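Hello,

Here is the structure I promised to pass on. Please open it alongside this note; what I found follows below.

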Number of protein chains: 2
Amino acid sequence: MTPTVSSPAAASRPDDGAAALSSSGSGRPRRLVIVGGVAGGMSCAARARRLSEEAEIIVLDRGRHVSFANCGLPYYVGGEIEDQEDLLVQTPERLRAWLNLDVRTGHDVVGIDPEAQEVIVRTADGVQRLGYDALVLSPGAQATRPPVDGLDSPRVATLRSVEDAARLREWADAGARSAVVLGAGFIGVEAAEVLAKRGIATTIVEYAEHVLPPLEREHAYPITQELRGLGVDVRTGTAAESITHGADADEVRLADGTRVRADLIVLATGVRPDTDAFASSGLELERGAIVVDEHGRTNLPHVYAVGDATVSTDPVTGARRPVPLAGPANRAGRLVADFIMDPDHARPIPAPLGTAIVRAGGMTAAMTGANRAALDAAGIEYTTIHLHPNQHAGYFPGASQLHLSVSFAPDGRILGAQCVGRDGVDKRIDVLATAIRAGLGVADLIDLDLAYAPPFGQAKDPVNLAGMLGANVLNGTVEVWDVRDLERVRQTHLLLDVRTRAEVARGMVPGVLNIPHTELRARIEEVRQAAAGRPIGVICQVGVRANIAHRILAGNGLKSSVLTGGMITLRAWLGDAADSYLVGA
Amino acid sequence: MTPTVSSPAAASRPDDGAAALSSSGSGRPRRLVIVGGVAGGMSCAARARRLSEEAEIIVLDRGRHVSFANCGLPYYVGGEIEDQEDLLVQTPERLRAWLNLDVRTGHDVVGIDPEAQEVIVRTADGVQRLGYDALVLSPGAQATRPPVDGLDSPRVATLRSVEDAARLREWADAGARSAVVLGAGFIGVEAAEVLAKRGIATTIVEYAEHVLPPLEREHAYPITQELRGLGVDVRTGTAAESITHGADADEVRLADGTRVRADLIVLATGVRPDTDAFASSGLELERGAIVVDEHGRTNLPHVYAVGDATVSTDPVTGARRPVPLAGPANRAGRLVADFIMDPDHARPIPAPLGTAIVRAGGMTAAMTGANRAALDAAGIEYTTIHLHPNQHAGYFPGASQLHLSVSFAPDGRILGAQCVGRDGVDKRIDVLATAIRAGLGVADLIDLDLAYAPPFGQAKDPVNLAGMLGANVLNGTVEVWDVRDLERVRQTHLLLDVRTRAEVARGMVPGVLNIPHTELRARIEEVRQAAAGRPIGVICQVGVRANIAHRILAGNGLKSSVLTGGMITLRAWLGDAADSYLVGA
């Protein structure tokens, strides 16, 4: 099959392009053109071929590679993925042989002519036009470039393409001894991890108050500590102001006045939809992202869009934002192909929950649904509970603690969950993502029949436990207070720490009354007198003993509530300030 | 608090016992007696205390230990759990201190007097009666004893108690060189694994045609192979007929006439409800298991039951059977306590799906919902699909194949799922168990937002892929045939193997036409002629290329269907017979 590229002049005639390339009798497009050959675009192409042997399917990509492993790039920099070939999941040749796809790399789509139903393509040979019956835009996102003097230094690289990764690996192989990573989002953290593991003195700089800003503060701290354990210098609440290019190395000057040497600099401060080429075509954009409906349709006839460059609605908060994640992009690409080929039977594209996961050293952090900041911003009422159960039976070797939080609405609807730990994090977040997608309430988590044997879980899985605690909160068996309210609760409550004396001696909140929970039944009058009519804020290590204490207090007519997540959550929330804030017994 | 045990004579008077121990004004029992201090019983006791500070809560257990790690016993035998202390999750002393529970070990409940509201308890001091306001029976299960001559040999042990595990470990420590495990269910496989890992020549004997009978045949075979890799001699389709006790070792004679030497014998042929003590009390039993309603109520007033000894209804097939699993028992115990203490607000006990998991060497096998045998027995129409995706990105180190099957109804309802592999098995089964519990259809699995980064999954997770394939089957995009129908399909179809010549040379089904899928478009007339009007059964390695081929055939007007799971499923289903059945090109 010969690529059909018409000249701009010829194709500007309305009787060419669109008319000549009209759909076949079945309503299916004769020619489907896809812009962007990674994730959503390639999923769409592959699915379209499976649904139609007849259609001409052309994939245009400005890069040298299609269908490459963009999520694997940091691991190639680090050397965990050894071969660059391994990043190339598919080649144009194989896509031709397997799926009869016409994949054209080095083809940069610089515009759309929706009237003519043509895309305008720049190649090494100049600018040409290509007609379409249906057009799918999957341009993805590009790195944002913050206003930093000297960002054009040749030692600065993004981490978006195989070429980016190859460059960074080359610098590292050539003996780079220091690195600065700008931005501590997912890619920044992955980049810092792999550079530090290569023995490069790495500094990571994040403008937000903690690494991985979408994580709750108390979940981010274990990741900060893990990065430090790898030798990463973590600088949060600050940003690069300028980069000075030097002969031996660059120097990055931060807003806090410090200077950091860098043999290489990774720019990972975020991404934005790569839609500049389409701005003048009449395509509806919302803060740069393509507006689509539930089948990926844009405002232009026969033009669809998927992936990082599209807007979607948060199913929990209703917020509209692009979700630059590979999973939703891949699945949306497939569903758009379904709609193009068989509109009467296609499923709608689900609104992505934003489930995401990152490895940092031996730790994993993952999240699904809305975090507290998003819920606050949307004005949604919620309770967040924290738990620290082991990922599998405590008596089985390798047991390690999960730090799990679940937010739910007053009607029980699960709104979001986050988890940090060394093992089993992905499983719990996937179960919770499934529960959210299915519309389960937090109490329904009690009833989940999760697989249990000692190497894999607990008879009451951490997710079941979250359900039990959530149900207790909903039905009033337990009342909780949140670490964010620490100072307020200190003002208004008697704080009762029910841990042992030995535990309390290693650090407690100033001013607490310490009565081990095993002594509480006998010393209840002592508590009543100390409370003097105030409610009691109960604290223990993880929340379990405080729940028991709360029930003892309630049984004795005392009003109390439990610090959700206990001292473990409190310490993580305080972070580096914990040691100076807490006092010994 | 002094244990209140009345003498049988005194308690037989109706004005003692029940009347004196009536419920408090709130409707809550003053005295809750729980029979059985493991799993369901102990969960019930702990929850009851959290809901009531006032109730007297007495836990009776005939054994020396309560709340021990029964699922951990095999790993103590193997030495992976080093300390016997680690198996004792709780002690009576700690349960008293933490929860004010009155736990009495060495108390064997030998009967109930429902009229008097008393249990009859045998201790070292004789038989006594103990009154209750509410009684929860959690007696669990006991090992079945098949009719094998010589089963009373002192070298035979079950694996149900800490004492059993201690005895087996002692024998192993003392230099046992050979072992026979009778029964290849979950506990039998775990026992064989740990014994073989200790270097003991181990034979496992299973009456069913394959190990782990609830697993599908094609999923069981990788476990058989893994056990063999550990040095286990796997004998299926046979059973022990007699055990001859010898001075040096026992000899186990099997139904197939072979004899196996055994320094120790593990009896793990299954369990039955441990309800003999209650048979004469008027308690309603169904094939030995206690009949309960959705709140654990038995037919006797104020008498509840939970756990392995109770009947529950399979939520998929409607079959009634006990489910001897720790997870459902633990959760049911808690829910029964909720009902006893606050009947107006208690959630019903969910019907357990039977989600289960087992480790065997480096492999894991897990299942949830109904298997094909259960669906066949219940007369439920279904399709089963098989997939073999990697557990995480193929380009990331450590990628390994999952073997996943999902069964669903014509309306899409997910009926069951099974998975075998080296990593990530538990996560996929937990997600699918959640989906089944939530009533999702197989196509809904497409939309699950599961956590993706290269170390954890794929942009299209194996569960998403199952949804895509399931949806294809439901909407007719793909038709599948099952390995169980191999001989029938060979009679009626042209079998078309679309793998490469090199792959086919390593074994193919006799009589197939081999055309690599990349050549299919060019050689379609060759297929049409060979088919001569017959439908075409397409085969590839895992199913992916066969799906592509199926769409090419359909696009050319040829009727075809795809062997679900491809040659990998076919080989596993054929098992040891594969090499003699398959032919080279």
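A polar contact here is a pair of N or O atoms within 3.5 Å, where, within protein, one must be able to donate a hydrogen and the other to accept it. On that basis, 37 residue pairs are in polar contact between chain A and chain B, with both partners at pLDDT 80 or more. Keep in mind that this is a predicted model.

Which elements of chain A give two or more residues to the side that touches chain B? They are helices H3 (40-51), H5 (92-99), H9 (326-341), H11 (425-437), H12 (462-474) and H16 (544-555), plus strand E23 (356-360). H11(A) gives the most, with nine residues. By class, that side of chain A has 43 nonpolar, 14 polar and 23 charged residues.

Now the salt bridges. There are 14 between chain A and chain B. One of them joins the side chains of Arg521(A) and Glu53(B), at 2.8 Å from N to O.

Next, the extent of the interface. Chain A brings 80 residues to the contact, and chain B brings 79 residues. Together the chains bury about 7,300 Å², and 60% of that lies on carbon and sulfur atoms. Arg331(A), Tyr395(A) and Asp449(A) supply 11% of the area that chain A buries against chain B, more than any other three residues.

One packing detail lies within chain A. Helix H8 (residues 217-229) packs on helix H17 (residues 566-574) at about 75 degrees, and their axes are 7 Å apart. The two helices are therefore roughly perpendicular. H8(A) makes the contact through Arg217(A), Glu218(A) and Tyr221(A). H17(A) answers with Thr569(A), Ala572(A), Trp573(A) and Leu574(A). Those residues divide into four nonpolar, one polar and two charged.

Best regards

Conventions: Residues are numbered from 1 along each chain as its sequence is written. Chains are lettered from A and ligands numbered from 1 in the order in which they are written. This is a predicted model: local features need pLDDT of at least 70, side-chain atom pairs count only at pLDDT 80 or more; totals for chains, interfaces and linings use all residues. Side-chain values use heavy atoms; hydrogens and water are left out. Contact means heavy atoms within 4.5 Å. Buried area is the accessible area (1.4 Å probe) that two parts lose on being put together, summed over both. A salt bridge is a side-chain nitrogen of Lys or Arg within 4 Å of a carboxyl oxygen of Asp or Glu. A polar contact is a pair of N or O atoms within 3.5 Å; within protein, one must be able to donate a hydrogen and the other to accept it, and residues adjacent in sequence count only if both atoms are side-chain atoms. Helices (H or I, at least four residues) and strands (E, at least two) are DSSP runs, numbered from the N terminus. Ala, Val, Leu, Ile, Met, Phe, Trp, Tyr, Cys and Pro count as nonpolar, Asp, Glu, Lys and Arg as charged, and the others, Gly among them, as polar. Axes are lines fitted to C-alpha atoms, for helices over the stretch in contact, and angles run from 0 to 180 degrees between N-to-C directions. Angles under 35 degrees count as roughly parallel, over 145 as roughly antiparallel, 65 to 115 as roughly perpendicular and the rest as oblique.
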